[in-house]
Structures are given as C-alpha cells and as structure tokens.
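Let's walk through this structure together, one feature at a time. Keep the 3D view open and turn it as you read.

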Amino acid sequence: MSNTLPDLPYAYDALEPYISKQIMTLHHTKHHQTYVNALNAAETAYAKASTPKERIALQAALRFNGGGHINHSLFWKNLAPAHAHGKGGRGGALRDGPLKELIVARWGSLEVMQKEFNAATLGIQGSGWGWLGYSLKTNRLEIATTPNQDPLLDLVPLLGVDIWEHAFYLQYLNVKPDYLNAIWHVINFEEAEKRLLEANQESRL
C-alpha cells in the first residue's frame, strides 16, 4: 500500500504566533511529503530487489524515511491551536486526569517536566526528536531523545518535538530554546493523554 501525506487537523496559520504559517506549510507540504515520496520509492525498490545485498542497501532509506513519516504523522496531532487565545483551542492546556497525575508524580509539576524536556532536547547533537514517553513496564513517564528520524521504540510515544532546523529556523533562527519554550503553548495534551489511555487499554488485552 502506498503511503500518503496525512491532512493537518487545523489550518496552516492556526498555531501562530508560536509556529508560523510559513513554517507549517513548508514543513508539511515539502518536508513531510519528501519523506512520504522517498519511503514509497524505497518500498517499491525493496519489493523488486532480487538479492539480499540489494535489500540491505535499501534498509537505511526505509528506516530514515519511514521514521520521518511516522514521527511527523504523530507530530501534527501533537499540536493544537493555543488555548490561551480563547478561541476554543486545546494547545498548552493540561487538564486534570491520568496524564497530569503521572507528570506530577514523576516531576512534581508540569513546569519542571517542561524544563527537563527542553534541556534533554537541546542536548541533541545535530537533528533529532525530543519525546515524552510512557513505560508500560513501570507505569512511569520518561523523557527521551532520538537522533535524525529514528522513531521512539522502547517507550510509548505520547508527544514528540521535532528539533530539526526545518521545524523552527525560519522563525527562531538558531535560538532553539525560544522555539522549545514557545511550542508548549500549542502542545496538545489531550492527544497525549489519549495515547496514554490507548496504550494501557491495549496492554490489558
């Protein structure tokens, strides 16, 4: 089956002023589309490959572009128009519930978690992703990072933040801390809690 670019659940300018319309348009229609196109090409080539050597040569492209498609598909749902603007947006609002309970149990407050998340994500050398993940083994939240477009595999990804330059440079230049501070205004905690509940439900099946 051919992979396709998912639609955004909001308009390209819906996350302003925290993420600009220009960035969202380019990020979605150019960068994510490129991962989708390259993944489809790699899958087609892999299906036609006749030797193990040919298949091994394609594995890096499958991993990189497949990860890019997976991570970005999660990322768009991670975001929502800012709640602070009073227009019915959900971004930035962490309501009482299981996710908030786990955050408070682990870090004491949302603000402490955000500070540790930003510090870990800023520590990425080059490009990558910062993650808030959930461990089914320990029933705890963990902050993690992955390089390049590697997906988060050892934890359930509740939310991820793209720290590739294409995610912020047109607006924040090289000041990554400003981007990381701003993005929390449009983080969709409702989506993160939904993933948490789904993960727990599936683990009981």
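**Charged pairs, sheet and rings**

Asp96 is exposed, with a relative accessible area of 66%. Keep in mind that you are looking at a predicted model. Asp96 has a charged partner: Asp96 and Lys100 make a salt bridge in which the closest N and O atoms are 3.0 Å apart. Lys100 has a relative accessible area of 29%, so Lys100 is classed as partly exposed. As background, side chains of opposite charge can pair when their charged atoms come close.

The side chains of Arg106 and Glu142 form a salt bridge, with 3.0 Å from N to O. This pair connects distant parts of the chain, since Arg106 sits in helix H3 and Glu142 in strand E2, 36 residues apart.

Three strands make up an open sheet, arranged in the order E2-E1-E3 with antiparallel pairing. Why is one side of E2 and of E3 left without a neighbour in the sheet? Strand E2 (140–147) and strand E3 (156–162) are at the edges and have a single partner strand each, so one side of each has no neighbour there. From one strand to the next, the twist averages 25°.

Strand E1, residues 128–135, runs antiparallel to E3, and six bridges join the two. You can pick out one of these partners by eye: Gly133 has Pro157 in E3 as its bridge partner. Helix H7, made of residues 189–204, packs on the sheet and touches E1 and E3. The direction of H7 makes about 150° with that of E3. Helix H3, residues 98–107, lies across E1, E2 and E3, and runs at about 85° to E2.

Glu191 pairs with Arg195, and their closest N and O atoms are 3.2 Å apart. What separates Glu191 and Arg195 along the helix? They are four residues apart in helix H7, which means that about one helical turn lies between them. Are Glu191 and Arg195 buried or exposed? Both Glu191 and Arg195 are buried. There is also a network: Arg90, Arg95 and Glu190 are joined by salt bridges that share partners. Over the whole structure, the search finds seven salt bridges.

Trp184 is at 7% relative accessibility and so counts as buried. Phe189 is buried too, with a relative accessible area of 2%. Finally, find Phe75, Trp76, Trp129 and Trp131, which form one aromatic cluster.

Definitions and conventions: Residues numbered from 1 in each chain as written. Predicted model: local features only at pLDDT ≥ 70, side-chain atom pairs only at ≥ 80, totals over all residues. Heavy atoms only, no water. Pairing = 2+ DSSP bridges. Axes fitted to C-alpha atoms, helices over the stretch in contact; angles between N-to-C directions. Contact = heavy atoms within 4.5 Å. Buried < 20%, exposed > 50% of the residue type's maximum accessible area, 1.4 Å probe, protein only. Phe/Tyr/Trp six-rings, centres within 6.5 Å; stacked < 30°, edge-to-face > 60°. Salt bridge = Lys/Arg side-chain N within 4 Å of Asp/Glu carboxyl O.
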